[in-house]
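Here are my notes after a pass through the two-chain model you sent over.

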Amino acid sequence: MAQVSIQEDVLIGVPDEPRLIGGKCPDCGNHVFPMQKDCPKCTGNQIEEVELSTRGTLWTWTVQGFPPKAPPYIGETDPSSFESYGVGYVELPGEVKVEARLTESNPERLEVGMEMELTVVPLKTDEQGNEIVTFAFRPVENK
Amino acid sequence: MHDVAIVGIGMHEFGRHDGISGMDQGVVAVRRALADARCEWEDLEFAFGGSKDAGSPDTMVSRLGLTGLQFINVHNGCATGGSALISAYNAIRSGTFDIGIAVGFDKHERGAFRVRTRGDRMEWYGESGMALTTQFFGMKINRYMHDFGISQNTLAKVSAKAFRNGAINPMAWRRKPLSEEEVLESAMLSYPLTQYMFCSPGEGGVAIVLVRADKAKEYTDNPVFLKSCVVKSRRFGSFEVFSPHLANEFSVGPTVDASNAAFEMAGIGPEDIDIAQLQDTESGAEVMHMAENGFCEHGEQESMIQNGETEIDGKFPVNTDGGCLANGEPIGASGLRQVYENVLQLRGDAGERQVPNDPRTAYTHVYGAPGISGVTILSR
Ligand SMILES: [Zn+2]
């Protein structure tokens, strides 16, 4: 089964080398995600597309404990098979904090400041049999 | 510039009212406010009306009277009610009008607010399961607890207080007290926040009659003066709901900006406020908003709440009517509900939940998507 990105101008490199597409302002150095031309920091409008870092630290987090409404959510919403998932902001050094799904959903194993890296998680299988994935961060295993 | 007085307040009960439209509730609130101000609809020169999901407020003229008054609809996210009020305030302050009304009402579908992100290349955000206000609140308080040592038990105490206050408020939705244990043991919706730490979208209506201050005595023996009324949007670097990214650099949110501006306008400080209604979309928000509005240092809330200082009979009563937690959040009406409660308290008319400290100044604060905050300061 092939994995496809939820949106190609946000998440590329699925499945093996995922990258988030953000932007960097040439005037003030501010980063944005997702890409937008307008800069909320300096009011410029020439932001250029960049691939964001794939590693950072967990700035804050929560656990989504109930099925979101569908639409807009396309993942599992049946209360009997829904599984809680983590959501957090991961601070990419020198860039931005990105809001993302987390692969970890156990509060005991989530901690502000922990090292995280980019990956993908499946949401659903479409009519063509492709697995639609979105981006997520997972704790970096200490070797 | 003219001073502005509140001379009439009216409310339709908050809660769930099958068979009663949001507009019906707005009309009831207006009629009650007019009766309270001992005046008629045809006396009003203008109206500002706010509703998110319950129709265009200006169409209520066909129910209340086709008098030709200026009626402007206000739609400004979670600050919709507060924005109707600031519009009315400025209309009188500027000298354009002498008397008018701010009305807000709403009726939302059950469950968490559904967010529509279609058509602006943001579909992936909702599709990925991140377009939920509940997550923002969980993440903001989780970080705040980490930084400032707030305990989960304190969050439960805030909810228990809200439901206790709601139980003695005849206009409230949730009128059953809940213990801290019941709050903590309810379903974990968005860690560290449980079901009973969150308010729900609801229904209700509130109307406020405002006049030029020098005419107030024509309408009431107990005028309450609107000393300041401020709405602020976010600045770069603040942490707001529905942000796919945050800047690494930090700036204070719109609540701090609105609070500072409101105190400056009123010429007083946080130490002069006797009672406050603070946005408590969830119990963590009440905790954070105590400090963001200048009423304590970050982290001080832990001992203040554990010591009961924010109870009705405490040193600094907060959310005496049960707040959003016990009243629900009909967006168009929510900010005006806080003003309604403060007017009752300043008049000494709050009945069983009247604060005993003989309040002279009162404070309201709303916060919501997409990073907007409204503050009022009232005095008698
Ligand atoms: Zn810039």
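Which residue of chain B forms a salt bridge with A:K69, and how far apart are the closest N and O atoms?

1. **The A:K69 pair.** The partner is B:E109, with the closest N and O atoms 3.9 Å apart. Keep in mind that this is a predicted model, and that the cut-off for a salt bridge here is 4 Å. As for where the two ends sit, B:E109 is in the loop between β4 and α4 (123-127) of chain B and A:K69 is in the loop between β6 and β7 of chain A, so the pair ties two chains together.

2. **Salt bridges overall.** Searching the whole structure turns up 24 salt bridges over all chains. Between chain A and chain B the count is two.

3. **Extent of the interface.** I'd look at the area next, since interface size is often quoted as the accessible area lost when the parts come together. Chain A and chain B bury about 3600 Å² between them, and 56% of that is on carbon and sulfur atoms. Chain A brings 47 residues to the contact and chain B brings 39 residues.

4. **Polar contacts and the chain A side.** There are 22 residue pairs in polar contact between chain A and chain B, counting those with both residues at pLDDT 80 or more. Several strands of chain A each give at least two residues to the side touching chain B: β4 (31-32), β6 (55-64), β7 (85-91), β8 (96-102) and β10 (131-139). By type, the residues on that side of chain A split into 28 nonpolar, 11 polar and eight charged.

5. **The chain B sheet.** Chain B has an open sheet of nine strands with mixed pairing, in the order β3-β2-β4-β7-β1-β8-β12-β11-β10. At the edges are β3 (70-74) and β10 (275-278) of chain B, each pairing on one side only. From one strand to the next, the twist averages 20°. Within chain B, β8 (residues 224-233) and β12 (residues 372-379) run antiparallel and are joined by eight bridges; B:K232 sits opposite B:S373 in β12(B).

6. **Helices on that sheet.** Which strands does α8 of chain B touch? Helix α8 (residues 254-266) packs on the sheet against β8, β11 (361-368) and β12 of chain B, and its direction makes about 145° with that of β8(B). Helix α12 (residues 331-347) of chain B runs at about 120° to β1(B). The strands that α12 lies across include β1 (4-15), β2 (46-50), β4 (99-107) and β7 (203-212) of chain B.

7. **Backbone items to check in chain A.** Most residues other than glycine have a negative phi, and most peptide bonds are trans. Against that, the peptide bond from A:F33 to A:P34 is cis, with omega near -5°, and A:P34 is in the loop between β4 and β5 (48-51) of chain A. A:T43, also in the loop between β4 and β5 of chain A, has a positive phi near 65°. Another cis peptide bond joins A:A70 and A:P71, with omega about -10°; A:P71 is in the loop between β6 and β7 of chain A.

Terms used:
Residues numbered from 1 in each chain as written. Chains lettered and ligands numbered in written order. Predicted model: local features only at pLDDT ≥ 70, side-chain atom pairs only at ≥ 80, totals over all residues. Heavy atoms only, no water. Contact = heavy atoms within 4.5 Å. Buried area = accessible area lost by both parts, 1.4 Å probe. Salt bridge = Lys/Arg side-chain N within 4 Å of Asp/Glu carboxyl O. Polar contact = N/O pair within 3.5 Å; in protein donor to acceptor, adjacent residues only side chain to side chain. Helix = DSSP H or I, 4+ residues; strand = E, 2+ residues; numbered from the N terminus. Nonpolar A, V, L, I, M, F, W, Y, C, P; charged D, E, K, R; others polar. Pairing = 2+ DSSP bridges. Axes fitted to C-alpha atoms, helices over the stretch in contact; angles between N-to-C directions.
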